[in-house]
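The following questions and answers examine a single protein chain, from its overall fold to individual side-chain pairs.

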Amino acid sequence: MEENKKKPLGFNIIKPDPTDGHKGFGKGALSLDNVSPVIIDVDAGDAVIDVGAMHARSVVEKGIKFLKTKEEVPNAKPYWLVWVTVDRKQEGPYYAGVTACEMTVDREIRRGYKSLPEHVNRMDKSLKRYIIVDHMDDKSKKILSDFLQNHNQDMWNNSAEELKKGLAVE
């Protein structure tokens, strides 16, 4: 990925309920305040939080025209966009929803593949506290697991066994 001179970002940590005190409008609505996009560069073996991905404007996505099938971009590099939702329980904050979406990019020809409906649906699933990582390759699971643990070991420890088992590499 391209070098960023800015200070590295952390996860969007739990903010107060925006509907707190309101009895009607917006009650029960999902808030994007607690979700963060993590981009995994499979070849480079690293992961970064890139809030630009919230609007399909991550460093990886900028300047790329996305096509409908992977076959149209045969020499593309593999990436994962992982939606990570953070929540708080009695023990403290934890990774509540983690869902991964495939993406490929060929910088040379400025083309890539991703399924926008899948990306939107997976973000929604993450907000609803789902863990969807079983379709990831082992290398990517390890990168994500290491990233989440290194970011905050306590949050990892407080997270559901489903996440830890889902990212375990045999």
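The chain contains four helices and seven strands, where helices (H or I, at least four residues) and strands (E, at least two) are DSSP runs numbered from the N terminus. The model is predicted, so local features need pLDDT of at least 70 and side-chain atom pairs count only at pLDDT 80 or more, while totals for chains, interfaces and linings use all residues. Residues are numbered from 1 along each chain as its sequence is written, and side-chain values use heavy atoms, with hydrogens and water left out.

Q: Which pattern do the helices and strands follow along the sequence?
A: The secondary structure consists of four helices and seven strands. Read along the sequence, their pattern is β-β-β-β-β-β-α-β-α-α-α.

Q: What percentage of the 170 residues is buried?
A: A residue is buried at under 20% relative accessible area, exposed at over 50%, and partly exposed in between (1.4 Å probe, protein chains only). By this criterion, the buried share of the 170 residues is 43%.

Q: Among contacts between residues at least 6 apart in sequence, what percentage joins residues at least 24 apart?
A: A contact means heavy atoms within 4.5 Å. Among contacts between residues at least 6 apart, the share joining residues at least 24 apart is 66%.

Q: Where around the axis of α1 do its buried residues lie?
A: The buried residues of α1 are H119, R122, M123, S126 and L127. They cover an arc of only 145 degrees, so they lie on the same side of α1; the arc is that of the directions from the helix axis to the C-beta atoms. These buried residues pack against β1, β4, β5, β6 and β7. The position asked for is thus one and the same side of α1.

Q: Which residues does A56 touch, not counting those up to four places away in sequence?
A: A56 is found in the loop between β2 (46-49) and β3 (65-67). With a relative accessible area of 23%, A56 is partly exposed. Its contacts, not counting residues up to four places away, are E61 and K114.

Q: With which residue does K77 form a salt bridge?
A: A salt bridge is a side-chain nitrogen of Lys or Arg within 4 Å of a carboxyl oxygen of Asp or Glu. The closest N and O atoms of the K77 pair are 3.2 Å apart. The pair links distant parts of the chain, with K77 in strand β4 and its partner in strand β1, 36 residues apart.

Q: Is K164, which forms a salt bridge with E161, buried or exposed?
A: K164 and E161 both lie in helix α4 (residues 161-166), three residues apart, about one turn of the helix. Their closest N and O atoms are 3.6 Å apart. E161 counts as partly exposed at 47% relative accessibility. K164 has 18% relative accessibility and therefore counts as buried.
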